[in-house]
Amino acid sequence: MSAPRRVLVIGSGPIVIGQAAEFDYAGVQACLALRAEGVATILVNSNPATVMTDPDVAGTVVIGPLTVDNLGRIIASHRPDSLLPTLGGQTGLNLAVALDDAGILDRYGVRVLGTPLAAVRAAEDRGGFRDLVTGIGEPVPESAVIDSVEEGVRFAEALGQPVVVRPAFTLGGGGGGFAFSLAEARERIAHGLRVSPIGQVLVERSLLGWKEIEFEVLRDSADTTIAICGMENMDPMGVHTGDSIVVAPIQTLPDPLVQSLRRCALKIVRALKLEGGCNVQLAVSPDHDDYRVIEVNPRVSRSSALASKATGYPIARVAALIALGRRLDQMPNPATGGGSAAFEPAVDYVVVKLPRWPFDKFPAADRHLGVQMKATGEAMAIDREFGPALLKAIRSLEPRGRGWLWEDPEWGLAARGPEDLVAFLAPSDTRLWRLVALLRRGHADATLLSAVTGIAPWFLERLVELVEAERALDGMPLIEAKRAGFGDAEIAALSAVPPAAVRRARVRARIAPSYRRVDTCAGEFPAETPYFYSSYALPEVPPPAERRSVIVVGSGPIRIGQGIEFDYCSVRAAWAIREMGLDAVVINNNPETVSTDYDACSRLYFEPLDTESVLDVIDHERNLTGEPPIVLLTFGGQTAIDLAKDLAYAGVPIAGLGAEAIETTEDRERFATLLDQLGLEGPRGQLASDALGLHAAIEALGLPIIVRPSWVIGGRGIAVLRSPGDVEAYLRTEVGWPLRVDELVRGVELDVDAIADGERWCVPGILEQIEPPGVHSGDSVAVLPPQRLPRAVQEEAAAVAGRIALALGLRGVLNVQMIAADDGRLIVIEANPRASRTVPVVAKATGRDVVAAAVRCALGSTLNEAGLESGLAADGPMVAVKAPVDSLWRLPGVDLELGPEMRSTGEVLGLAPGYQEAMAAALEAVAAHR
């Protein structure tokens, strides 16, 4: 068979709960690997915020709907000879099967690379998979494949409750769940049949309380099969793995059992004849004397990304090469550069992954966890032991007051324990903190908590050790507190001193973390991976760096309001820095992303994005290079910007924008003063410090009004108040005083991205929001270039953004939101001193490398040197329509009404020569993911 020459790669589309940035990471690795082998790639995706849709990643990029009809048209026009479907999540798999069913692959002679579709069908079809596994002598839960509600209810009645319902061909456990009664079973089965693309569910015996184990496996065409990583869910069966605390390597099972599970996983993958990467999920009984096979994902997955970052083994890249026909023993060890890729990584550290849920944004949502995933993102931490890794992972969630020491007063644990311990410890986003609070207050011990929750005693004993260390902290040597894993802020809180005092004490005592390499081989062989984690254990001394470093601070776990668009910005920034002959250093903690691929930068530090960890990396880089690194904060969203004040206080050089300018834009009142000084108009309004001030502002302005706290992500805490009832309801929430209270202006809202070099400015594109003011721009359909405003108004808006950028002393990128009011005024709402979610849209729609230009300006280049001309750029040949996509159906109890607080999880882009065609493409792309 001839070697592939033109390969179609299907992306996963917009970010939704259950399918996030991990498939951008997989797609980028695949495209770069294929291109390195001389294979032309045609990438199709509808998500403009991704790195994979950058022209430097794929040879041909098509941004458009992920539908069978559109893919058929692309195949007909671009004529790929092969299709690689296993890197685009469940979306890619389902589309490959649908293309095959429609006869399109046969019609155009397109062959499927890697795992055959027959194997995909066998793994995804619940009944076929069950029969295959039992046929090779491996156990599965008692179950039945169900095609009708009545059939399912009869089986559930015969089996006994509870049962679990698993729809076929869905992502993130979508449509599945436990049923504890026949009535609930009827409801679950009916819903599962509706959401399954093939109208099929599996009804199986519940294994609630069993341990959940995962293996990431690679197999090539020569049947060489290896287990890359074994992972253990801290939460037992009953909680989706995406919502569970996950630990690697497996901690609580005896090695003979681990090896039995590993052999089982390899056996299944061989029986399925999968070629590439896949994920095998198993359940182990609490007494370790039995196990069951749960399911296989015949593709790279969220867990594949986690396993790659946990071990340093690039699963998606190797899977893409396997798809081309390469054998594992023909590829070099990706970490050491020698040997063979046919090896199983060894690790000498512990990895902890914590989910990031959106419940801070939706407090009314049902916070209980089950088999249907609810998390929007995740953070990962690495350390030598479980306790320090867990504490570091908590810090990586950016808890904003909900760190290790947090306890909700409403739990009422000060005097006594809860009356109903089972209900109190039901799976939820706060269960970890509830466990710690019970241990801290002495209301329960590890044995009781294990019996109630099904969590392995080993994990709870480690929590006990942390609580005991916390109690002994007062008087403990500072180095011992750091080795136990406590952050400066936690030590400060327990010692009643400011965090800066703890840092000063550490500096005086020369107590600093060492940075150890993630190398896949536990330090047994020399490694090339520039991938590090901090530890206060034994040091590892890396070689000195030869060039000055520029640090790009990433954006952490994906959440609503701060998503994959900032990973795109971070990666493009790192690439631009390396092109300038400097070392690009990335700090981030999101295992799903391209920015945490060590190939994306010169050095990667997997660390919390708090003041302590970022300053520690800065100090370490200064020691490596002999001069202070430059720090870029403008590409990591609000997470990075929030560090500016502390870094400036520590004397860190911040590129492009000083802390004072950031304070001016983030503080609503100071920004209003700047507008007055520039003679620019903002909405009429005033500051309110409390409820009385809010009522006084309403008296002066009338209703409707919009209220805005400062320093927020995704419109958090912003609200439109249209009636006295709205005002009273808002005051019953947790208000972030002081508020800026403004009139609600009627008109057309604009997003203006400006790049400045300190003397001149350029606006590469303006987005016009279709929704009226009062709806968050992330939830609005938007079009570039604007369709309802004449060029003169657009140029005026660009000039306003440019004036603000120059007044702030900005070098780099600035996002300004304004309203072209119905009465002819141009009203400035706010300015974000950083890249925003609009940057990837502008870049993909206009073909302008916005991030690279902003980086060059931030590091001292002029606009001309950065490849830009001053003023508002000319319109390109294409019209772009950006449309939001949400997945809030997974969060019962959430109000779906649009407003100033963002609700969408992702977005799609329609590109066409005209507005109507672009809008139709965007709507088609949205419909494909409902």
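**Close-up views of a predicted chain**

**View 1. The largest nonpolar core and the surroundings of L84.** Within the largest nonpolar core, which has 99 residues, L84, L218, Y313, I382, L632 and F635 touch the most other members. A nonpolar core is here a set of buried Ala, Val, Leu, Ile, Met, Phe, Trp, Tyr and Cys residues joined through side-chain atoms within 4.5 Å, where buried means under 20% relative accessible area, exposed over 50% and partly exposed in between, with a 1.4 Å probe and protein chains only. Once neighbours within four places in sequence are set aside, L84 is in contact (heavy atoms within 4.5 Å) with V7, L8, V9, I10, A30, L34, L113, A320 and A323. Residues are numbered from 1 along each chain as its sequence is written, and side-chain values use heavy atoms, with hydrogens and water left out.

View 2. Helices (H or I, at least four residues) and strands (E, at least two) are DSSP runs, numbered from the N terminus. Helix α1 covers residues 22–36, and the 21 Å between its end C-alpha atoms agrees with the 21 Å that its 15 residues should span at 1.5 Å a residue, the expected span being 1.5 Å times one less than the number of residues. Because twelve of its 15 residues are buried, α1 is largely enclosed by the rest of the structure; among these buried residues are F23, Y25, V28, A30 and L34. The buried residues of α1 pack against the strands β1 (6–10), β2 (40–45) and β4 (82–84), and against the helices α3 (89–101), α10 (302–311) and α11 (315–323). Just after α1, G38 takes a positive phi of about 80°.

**View 3. Aromatic rings around W458 and F459.** The whole structure holds 13 aromatic pairs, a pair being rings of Phe, Tyr and Trp (its six-membered ring) whose centres lie within 6.5 Å, with planes under 30 degrees apart counted as stacked, over 60 as edge-to-face and the rest as tilted. W458 and F459 form an edge-to-face pair, at 5.3 Å centre to centre and with 85° between the planes. W458 is partly exposed at a relative accessible area of 24%, whereas F459 is buried at 0%. Elsewhere, W406, W411, F424 and W433 form one aromatic cluster.

View 4. Most residues other than glycine have a negative phi, and most peptide bonds are trans.

View 5. D223, a residue other than glycine, has a positive phi near 75° and sits in the loop between β10 (211–219) and β11 (225–233), where D223 counts as partly exposed at 32% relative accessibility. R510, which is not a glycine either, has a positive phi of about 55°; R510 belongs to the loop between α19 (499–508) and β17 (514–517) and is exposed, with a relative accessible area of 79%.

Definitions and conventions:
This is a predicted model: local features need pLDDT of at least 70, side-chain atom pairs count only at pLDDT 80 or more; totals for chains, interfaces and linings use all residues.
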